[in-house]
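Have the viewer open as you read, and let us start with the strands.

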Amino acid sequence: MADRAEDMADVIVVGFGAAGACAALEAAEAGADVLVLDRFDGGGASAVSGGVVYAGGGTDQQRAAGVADTVEDMYAYLELEVGDVVSAETLRAFCAGSADMIRWLERHGVPFEGSLCPVKTSYPNDDHYLYYSGSECSGLFRGVARPAPRGHRAKGRGTSGTVLFGRLAAAARRRGVRVLPRTRALRLVTADGDAVTGVVVATLRDAPRRVRTAHRLLARYATKPGLYVPVLRKALHRRVVALERRYAREVTLSARRGVVLAAGGFVADREMLRRHAPAYRGGLPLGTPADDGSGIRLGTEVGAATAELDRVSAWRFLTPPSAFLGGVLVDAAGRRVIDESRYGAAVGEALITRHGGRGWLLVDAPIVRAARRTARGESQWFQWLQALYLLRRGRVSDRTLAGVARRAGVDPDGLVATVTAHNEAAATGAVDPAGKPAEFVRPLTTPPFSLIDVSIRPNVGYPCPMLTLGGLVVDEGTGQVRDTEDSTIPGLYAAGRSAVGICSRAYVSGLSLADCVFSGRRAGAHSARYSRPELVEKSPQ
């Protein structure tokens, strides 16, 4: 039992990213006293993300842009994209509530805008905040659903995850949510054998101010720029851990109604990656050092079931510049890898699982000229730097296909056969051999030819961001965590990347944040209403 009144709450949320903030908001709006814990200052992977929320079915922003979309088209696309990772009923509820989800975020201060991006890109520049953020335009999906742009980017300069999280965090505090930063959850407290009634934490709340300040600054710089410089991240995080070991104090926090685990995924835990998804090591961990699987481990230590832990989203975006969509992606044997208009995670998965992580984009002289001309205007600063890297250090050229293949280490005969088939289809109007839509197909006939190395390996100039998708199994109606016998664990909930959700088998931009909102609100609403008469004490008023 907690020693002090402030160590007790109706609902305790572990993790203060988008999922945790939405859970806290929903619980507070239902009348619960809510306490949120975060190992750092909050934000997590959500704050370093692009701030994109996948939504459709006729949002206000889509209508403002003149885009026609329906719930049925959104459902049909996602049903094929994400498979049966959640039930049809849950996926339909997600799609049907999508437009209202954006309005809920707007009511809590998150700004969106219907400025439609005119080109297909991995992330739009600051002129545009609505775009095709998945594979909606690709050949595989066009026969299933009418394509529509559903990537709703929070309005803010650069990668706008900071705007999205900042507005949600401010809204939570306005609703009276208490936040306890620099606090790490160690283990869950249970009663009567299985009911979760609290959390044991290690907290720096009583440490000297200089220690808390140092911890805050070290954690901040370990996230950015440490996100892009893994050596720096590791060095700074070691100092964070040293401060925690020396100054943190164990405290027991009690929850009258429930605990929500929203502590992110496990991309920062190399051992968990090695055990569950060994092929996905060597990428750029997208998140913070707190994405170490701690939320998932808290659940499994009290008997929770897990699923989809082998699913990792590895992003190998070919755009911007959009001109690169006219190229042909091949492996070391010169074989076509995938429809180049597919989403970057589908490209990454194809390269890793079927081609040993090796890949090259074949382009000809007109595509190179167009890429040089348009790259800056279509890009954020980091995308532009990556495009420059690919056009310079990442590229080899030759007057012939066989010659450029030999220079890159690609099989010449295989490359020539692949390009011949591609060009014949382009010239006759036949369906592209990889299914790429006609508007993206370009005959590759004008030398010099270039092979751009897009292989997946540690590379500062062209990194491959990765995030984990699996987590704790939850009841899809309530967000309650299920145990290995498929029963729910009383008083325990999970949301975001600590839980199995809509994006846990396949990811497109915005789907994880949308799932964080969807699953966070679900867990927060149900935990606020949950009652264990033998454990509940009267809340302080």
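Strand β14 (residues 360-363) is covered on both faces: Trp360 and Leu362 are buried on one side, and Leu361 and Val363 are buried on the other. Here, buried means under 20% relative accessible area, with exposed over 50% and partly exposed in between, for a 1.4 Å probe and protein chains only. Helices (H or I, at least four residues) and strands (E, at least two) are DSSP runs, numbered from the N terminus.

This is a predicted model, so local features need pLDDT of at least 70 and side-chain atom pairs count only at pLDDT 80 or more, while totals for chains, interfaces and linings use all residues. Residues are numbered from 1 along each chain as its sequence is written, and side-chain values use heavy atoms, with hydrogens and water left out.

**Partners of β14**
- Strand β13 (residues 328-330) runs antiparallel to β14 and is joined to it by three bridges; two strands pair if DSSP finds at least two bridges between them.
- Leu329 has Leu361 of β14 as its bridge partner.
- With β16, β14 pairs in the antiparallel sense over four bridges, and Val363 stands opposite Ser450 of β16.

**Helix α15**
- In α15 (residues 381-391), the buried residues are Gln383, Ala387, Tyr389, Leu390 and Leu391.
- These buried residues pack against α14 (365-378), β15 (395-398) and β16 (449-453), where contact means heavy atoms within 4.5 Å.

**The three-stranded sheet**
- An open sheet of three strands has the order β10-β17-β12, with mixed pairing.
- β10 (284-285) and β12 stand at the edges with a single partner strand each, so one side of each has no neighbour in the sheet.
- β10 and β17 (residues 465-468) run parallel and are joined by two bridges; Leu284 has Pro465 as its bridge partner in β17.
- α13 lies across β12 and β17 and runs at about 100 degrees to β12. Axes are lines fitted to C-alpha atoms, for helices over the stretch in contact, and angles run from 0 to 180 degrees between N-to-C directions.

**The second largest pocket**
- This pocket has a volume of about 280 Å³.
- Among its 24 lining residues, Glu81, Arg342, Ala346, Glu349 and Ala506 are the closest to its centre.
- Two or more lining residues come from each of α4 (71-82), α7 (139-142), β12 (312-314) and α13 (344-354), and α13 gives the most, with six.
- The lining divides into 15 nonpolar, three polar and six charged residues. Ala, Val, Leu, Ile, Met, Phe, Trp, Tyr, Cys and Pro count as nonpolar, Asp, Glu, Lys and Arg as charged, and the others, Gly among them, as polar.
- On a 1 Å grid over the protein atoms alone, a pocket is an open set of points with protein on both sides within 12 Å along at least five of seven lines, a cavity is a set where a 1.4 Å probe fits but cannot get out, and lining residues have an atom within 4 Å of a point.
- Grid points are joined across faces, edges and corners, and a volume is the space filled by probe spheres set on the points.

**Cavities**
- There are three cavities of 30 Å³ or more.
- The largest cavity has a volume of about 130 Å³; of its 17 lining residues, Phe317, Thr319, Arg342, Tyr343 and Gly344 are the closest to its centre.
- Its lining holds six nonpolar, seven polar and four charged residues.
- The second largest cavity has about 60 Å³ of space, and α18 (residues 511-529) gives the most to its lining, with four residues.
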